[in-house]
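Hello,

Here is the structure I promised to pass on to you. Have a look at it first, and then read on for what turned up.

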Amino acid sequence: MDYFLSEEQLMIKELCAQIAQEKVIPVRAELDEKEEFPWEIMKVMASSDLFGLFIPEEYGGLGKGSFELTIAVEELSKACLGVSTTYAANALGTYPILLFGTGEQKKKYLPDIAAGKRLVAFGLTEANAGSDAGGTRTTARLEGDHYVINGTKQWITNGGEAEIYTVIAITDRSKGPRGASAFIVEKGTPGFSFGKKEKKMGIRASATRELVFEDCRVPKENLISKEGMGFLVAMKTLDSSRVGVGAQGVGVAQGAFDEAVKFARQRVQFGHPVIGFQAIQHMIADMATEIEAARALVYAAARYADSGAKDVTKVSSMAKLFATDVAMRVTTNSVQVMGGSGYMREYPVEKMMRDAKILQIYEGTNQIQRNVIAQNIIKEAAKAK
Amino acid sequence: MKIAVCIKQVPDTAEVRINRETGTLIREGVPSIINPYDTHAIEAALSIREMLGGTVCAVTMGPPQAEASLREAISLGVDEAFLVTGREFAGADTLATACALSGVIKKIGADLIICGKQAIDGDTAQVGPEVAEFLDIPHVSYVKKIIEVNAESIKVERMMDDGSDIVEAGLPALITVVRELNTPRLPSLKGKMNAKKAEIKKMGAAELGLPPEVVGFNGSPTQVKKIFTPGPRGGRKQLEGPLEEQIDALINELLEKKCL
């Protein structure tokens, strides 16, 4: 399918495909096996200007939108979701500053982020606050010119590796969801440390760690937006990043599908390449159709977001939900098409299947996405009356 | 520091097939790339510029489509690009090519000239040293390490059949480089965008002040007589039997041939 990408968009796609081919594919199995953070690849992406893709030109970025980020994430995800998660989580952590930061905050942090000098992470999830953000226990108390943060964030992507953290903490428990606020915390701030590094089923090149705050004092200027805006910051951040998870789904599905087709053309049984058998052909046809449908939805959602539309929540949830469910089905069926070979680590699809599972879980489980979509439909219907 | 890099656009030989009858490459449908050795020359130039400041320009001779290679060089960070092109250059051997390339370098001036050790299509490894001769400057070929470079001189390690030499040369000088020297960078997005807009300066023999008899076919003392695929080397001997016996036989053979 031709999505009529502009010349610049084609350049982004080409460059990311080149990075995937030359720098990611040769090392992805090893990074997975050793659970090693992909620093070398991040450095290449930094010098290729990819960290500045979605950051305005005045802060040293390229001033592109959600759609360009989608293309980049999709290409990287074809090769390795661990690597693309590291890259996409950096964007996730940056959105609170980009969307709600003061001029001072943007000037202080965005140029380094755009240059890929400092990696970013977003800290929302806690032991008792995942789908239910209302369960947040981490607190921030104003004391003179500083906020004092206490609590523990869990399963934070890029935790420990990132230099800049955007973190949600409760500043006024009595106000419920309106009592949360967002803060910028830099690595190395006294009272801020890292807990255990998680061992995961997939995306093992990506680092997932606890953030531990013990009387961590951050300057008052590190508050993003105003007190009480924390959940709104988090929700708008997720609205912006969700399409990227959809793009990861499209990418990993395409990556696995390409492997399955290549294999099915070579593998001979009963005297024929197995791709000649209708059982395989129908699976391949279904996979290709689903991938294309997912891509069309993800691209449409990204372009809608870039149009400046305010109500992006529903469509971005749809894109995340559909594309990541497709990713799980397609990676699973790619393993099936390849049979015993698909199950072996010698081929990349077993990793892709393990990796794909997280897409249905992180940045809002697909069950939560369905809730969000339904809530928006109910709201729209009520308004239409 | 002003650095010039000589590059060549070549067919991607990883994907090229050979016409068995004529012995020539089948170029149709084969993508063109920057000669891989030249990408190491570009990388060397860019890293010297990062250290010492200055500019890097890329120079090539070729048909109009060779412009694509120069744009690729710009996407990697090269500042300026020159394309020597025109019918008068057709049929050039290494001498006529070196004459044309040195003509551009004389015109733009350079403190250091870096070339890949050879092109993967012709494999002569002559053009670099010949350019240095035309410019009447020192050259060091097969450079695998740049030890030191400053405004006056360059100190390098060059590969030899029996090890390596450390050589220092006063600038201006020319070096040709091997793959071991560095890992070429990937382009950046800003570089790719620049490359699209960049002006590629085109020059013909007249602009370079070169008379017709020194360039192209007329300026080429060598001519291709026949192209063929060399047959396998003879004189091979295959050892057989248990491994220990093979090792003994190999040692005896090497002793007999005075290799050990």
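Two strands count as paired if DSSP finds at least two bridges between them, where strands (E, at least two residues) and helices (H or I, at least four) are DSSP runs numbered from the N terminus. This is a predicted model, in which local features need pLDDT of at least 70. Residues are numbered from 1 along each chain as its sequence is written.

Let's begin with strand E4 of chain A, residues 164–170. With strand E1 (residues 120–123) of chain A, E4(A) pairs in the parallel sense over 4 bridges, and here A:Ile164 is the bridge partner of A:Val120.

Buried means under 20% relative accessible area, exposed over 50%, and partly exposed in between (1.4 Å probe, protein chains only). Because 7 of the 7 residues of E4(A) are buried, the strand is largely enclosed by the rest of the structure. A:Ile164, A:Thr166, A:Ile168 and A:Ile170 point one way from it, while A:Tyr165, A:Val167 and A:Ala169 point the other way.

Now for two residues on the outside. A:Lys310 sits in the loop between helix H8 (278–306) and helix H9 (313–343) of chain A, and counts as exposed because its relative accessibility is 72%. B:Leu260 is found in the segment after helix H7 (243–256) of chain B; its relative accessibility is 62%, so B:Leu260 is exposed too.

Happy exploring!

Methods:
Chains lettered and ligands numbered in written order. Predicted model: local features only at pLDDT ≥ 70, side-chain atom pairs only at ≥ 80, totals over all residues. Heavy atoms only, no water.
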